[in-house]
Amino acid sequence: MVVKEEKKDKDVKEEDCKPAVFIPVDRLPEIQEARLKLPILAEEQMIMEAVREKECVVLCGETGSGKTTQVPQFLYEAGYTSSGGIIGVTEPRRVAAISMSHRVATEMNLPSGVVSYQIRYEGNVTENTKIKFMTDGVLLKEIQKDFLLQKYSVIIIDEAHERSVYTDILIGLLSRIVPLRNKKGLPMKLVIMSATLRVEDFTENKRLFRTPPPVIKVEARQFAVTVHFNKRTPMDDYTGEAFRKICKIHRMLPPGGILVFLTGQAEVHSLCRRLRKAFPYRPNREHTDSMETEEDLKKSKRAKKKKIVSLPRINLDNYSALPVDEGDEDRQAGIDEEYNEGSDLELDLGDHPDTDHEEKADPSIPLYVLPLYSLLAPELQAKVFRPAPAGARVCVVATNVAETSLTIPGIKYVVDCGRVKKRFYDRVTGVSSFKVNWISQASANQRAGRAGRTEPGHCYRLYSSAVFGDFSLFSEAEITRRPVDDLVLQMKDLNIEKVVNFPFPTPPSSEALIAAEHLLISLGALEQPPRYGRLDEIERARLSCPITPLGRAMAAFPVAPRYAKMLALGRQQGCMPYIITIVAAMTVREIFEDYDRPAGSEEESTKMAGKKARCIQMRRLWAGQEQSLQLGDLMVLLGAVGACEFAGCTHQFCEENGLRYKAMLEIRRLRGQLTNAVNAVCSEAGVYMDKKMAPPTESQVVCLRQIVLAGLGDHIARQVQAEELLNPKWRNGYKTPLLDDPVFIHPSSALHKTLPEFVVYQEIMETTKMYMRGVCAIQAEWIPKLLPQYCHFSVPEESPAPWYCPLSDRVKCHQQSTFYRVSWKLPAIEM
Ligand code: ADP
Ligand code: MG
């Protein structure tokens, strides 16, 4: 009986979803030959049958089995685009979205206008686009505009095993959108692709899919990989250990590529440098092209640019509402992991004076060393796919981008340091830090698997088997590790009021959700829940607060809620262009070169010291005097951007003044994007982007400080008072509402010498001490005016003294005959 019903149901669906026509693809013979070797080709029929019969299909297959490149082609050939729908593929990383769209276009012999990509700032989507690769953040924004995603016939969620926040949310949303579409007679398919077999979070989750979607496993042709553990585990110098291991492999073992996993950009460059010194590679003419440095690349780009008569203008409006900051797809996946490693590519890719004497190595065998990390220019990344120069052994030094997103051909040896750099966020204190941590066993095995793609391989783990045994089995979903205020705001804007009830594949903790709602309420983005009534009712109401008009405006800005609030307030006194610039610069994170990183040689170290001194001098200049100095680090950002744009934003200016050129370009793009977003939200604002901007006037600076305070109201710190000063640990320290320990103004901050009594900060980073980043001085009397929601108001008689609540120190400020008590754990003050 049941079977019959199911069959009937199936017939109807088949009728609806049956692709109309088979679309032939004219592939080049060599491409076709290579495709046929991919394990996924053997499963094409099974995959397509499952897709035809079911709304959602989960596909698991080893990295390199052909999921990303082939599944969109299967669907295209089967006619899923024939009635006008697009096949959408989401990737958690920009790198993958761009490179995979190029690869699929090449394989299908179709122009980029048909197989296109869309990432935060750029894309080549046209009216003819049939297959669209995009970052997951881009699709999320499209859902906001059209909940039913009507232009798509299929959505493929790629790299679902990475469990990036947006991927998780997309799966939750699509679990509702797909059935809705089918009910409305607009059939749509969902394919979830994962490189690991751990997919229970999607399939066994009853809140997500009532009937578990079928799981198709693609058996990859995986050759045996022999795993070698180190006897001892180096605790610090794993880069040195990796270097020694590579030297040994290169000198003693048969031909075959080497892939090394390190944790960040700086490590990658330092190892590349050591290897190039140990095995100098002298390219012959044929290969000079593949040895080009970033400078060459720029030259050739410049040359190419000259030939182009007119470039198509990008309409920034289309990009106006994409998520950035914590939510920016790249930061989430790439920059975060490699953040603050700001090393200059040219330092490493250019010539190196052979100054130090590394371990003796046989330089007669060429070693072709290539770095790979997500911030590397795509043109340089693409080199890993090209064949190595004849006779040379390729050695790719990578961060964990090489773990699953990209498959590098010809790798026989993997050297795994066993670590990964991740951003850690303390939910209670709000302190972020980048920590290098052990990977999971699943990651370690994934890395080892990279060695056995074309023939049996070897994986050298730079840690002992006992340490491996202590690794967690799988990596945690990102959503459980980061604040979710931006997500909650986006979801409220999608009219999902009860975020707690959302079918997350892995739900964030209720504390994180509550913290997010509290922040959004205090920013005015959500309606205040009732203050009186039964406790459980209040608590329930708290978790389903509807969005306010201000919240909707904030959600339209592609930045985290705190910054969105600043933009929403920025119209006063002509401050908008400055606020846009400050927000853009704050979200780009590290705009200054890092001259404290370890230098490769003495000469380099002297050079860096000189540059650092110049950089400090410039920062002091940009910070200005008196009133503008009060804006602190944000004034430095403003000054740096203004000065750089005034000089035409050249590479040379950045180089001379310690600015990261790429960061400055990104700020410029973000300013354009935010200016458009502001104009779209409040059409009467009419903000126009003057790149160079005159410096703000004194009264504008005061206004800017207040706007910054309104956005960062939960990030106030106050200089410690006399009694704590007796304890040396509190010297020059600041107290924050949530931390028991002092936080400090970093020596590189504009306010390091001034030490204002009250400051707001962008975030706290824990390095040697807990340092506030992005510090701006504020005045205490602004707090009750601008942030009444953070204050308890009472008349003097009612609350005579701070000992009213002995557990928390309270700020007491006296104004217009009323006492305000601010309920932070701050030392009491009388005003
Ligand atoms: P999966 O998504 O299952 O990890 P892919 O579809 O990304 O696998 O890759 C399939 C094959 O295509 C791999 O063997 C890889 O080496 C090859 N490939 C992918 N991108 C490129 C490229 N840009 N150039 C050459 N080969 C590529
Ligand atoms: Mg893939």
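Okay, let's start with helix 23, which is mostly covered: 12 of its 12 residues are buried. Keep in mind that we're looking at a predicted model here. Helix 23 runs over residues 576-587, and from its first C-alpha to its last it reaches 16 Å, close to the 16 Å expected at 1.5 Å a residue. If you want to click through the buried residues, they include Met576, Tyr578, Ile580, Val583 and Thr587. And what do the buried residues of helix 23 pack against? They pack against helix 22 (561-569), helix 26 (633-646), helix 28 (661-681) and helix 29.

Helix 29 leads us to a sheet. Helix 29 covers residues 698-711 and lies across strand 19 and strand 22, running at about 95 degrees to strand 22. Those two strands belong to an open sheet of four strands, with the order 17-16-19-22 and antiparallel pairing. At the edges you find strand 17 (734-735) and strand 22 (776-778), each pairing on one side only. Strand 19, residues 758-760, pairs with strand 22 in the antiparallel sense over three bridges. To see that on screen, pick Val760, whose bridge partner in strand 22 is Cys776.

Quick reminder for anyone new to sheets: strands pair through backbone hydrogen bonds, either parallel or antiparallel. So let's look at a parallel one. Six strands make up an open sheet in the order 8-15-12-9-11-10, and the pairing is parallel. Strand 8 (225-229) and strand 10 (367-372) each have a single partner strand, so one side of each is left without a neighbour in the sheet. From one strand to the next, the twist averages 15 degrees. On one side of things, strand 8 pairs with strand 15 (residues 457-461) in the parallel sense over five bridges. Val227, for example, has Cys459 in strand 15 as its bridge partner. There's a helix packing on this sheet too: helix 10, residues 265-278, touches strand 9, strand 10 and strand 11, and its direction makes about 170 degrees with that of strand 10.

Now zoom in on strand 9. Why do we say that strand 9 is largely enclosed by the rest of the structure? Because five of the five residues of strand 9, residues 257-261, are buried. Remember that in a regular strand the side chains alternate between the two faces of the sheet. In strand 9, Gly257, Leu259 and Phe261 are on one side, Ile258 and Val260 are on the other, and all of them are buried, which leaves both faces covered. Strand 9 also has partners to look at. Five bridges join it to strand 12 (residues 411-416), and the two run parallel. Phe261 stands opposite Asp416 in strand 12. With strand 11 (residues 393-398), strand 9 pairs in the parallel sense over four bridges, and Val260 has Val397 as its bridge partner there.

Helix 16, residues 441-449, ties into this region. Ser443, Ala444, Gln446, Arg447 and Gly449 are buried in that helix. The buried residues of helix 16 pack against several elements, among them strand 8, strand 9, strand 12 and strand 15.

Next up, the ligand. Which of the 15 residues around ligand 1 come nearest? Those are Lys67, Thr68, Thr69, Phe385 and Thr407. Two elements give two or more residues to the shell: helix 4 (67-77) and helix 5 (94-108). Helix 4 has the largest share, with four residues. By class, the shell has three nonpolar, 10 polar and two charged residues.

Most residues other than glycine have a negative phi. Leu149, though, has a phi near 50 degrees, and it's found in the loop between helix 6 (136-145) and strand 5 (152-157). Asn495 has a positive phi as well, near 65 degrees, and lies in the loop between helix 18 (485-493) and helix 19 (510-522). Are these two buried or exposed? Leu149 counts as buried, with 22 C-beta neighbours inside 10 Å, whereas Asn495 is exposed, with 9 other C-beta atoms within 10 Å.

Last, the whole protein. It has 31 helices and 25 strands, and 46% of its 831 residues count as buried. Among contacts between residues at least 6 apart in sequence, 75% join residues at least 24 apart.

Key: Residues numbered from 1 in each chain as written. Chains lettered and ligands numbered in written order. Predicted model: local features only at pLDDT ≥ 70, side-chain atom pairs only at ≥ 80, totals over all residues. Near = placed C-beta within 6 Å. Nonpolar A, V, L, I, M, F, W, Y, C, P; charged D, E, K, R; others polar. Pairing = 2+ DSSP bridges. Contact = placed C-beta atoms within 7 Å. Axes fitted to C-alpha atoms, helices over the stretch in contact; angles between N-to-C directions. Buried ≥ 20, exposed ≤ 12 C-beta atoms within 10 Å, placed from the backbone. Expected span 1.5 Å × (residues − 1).
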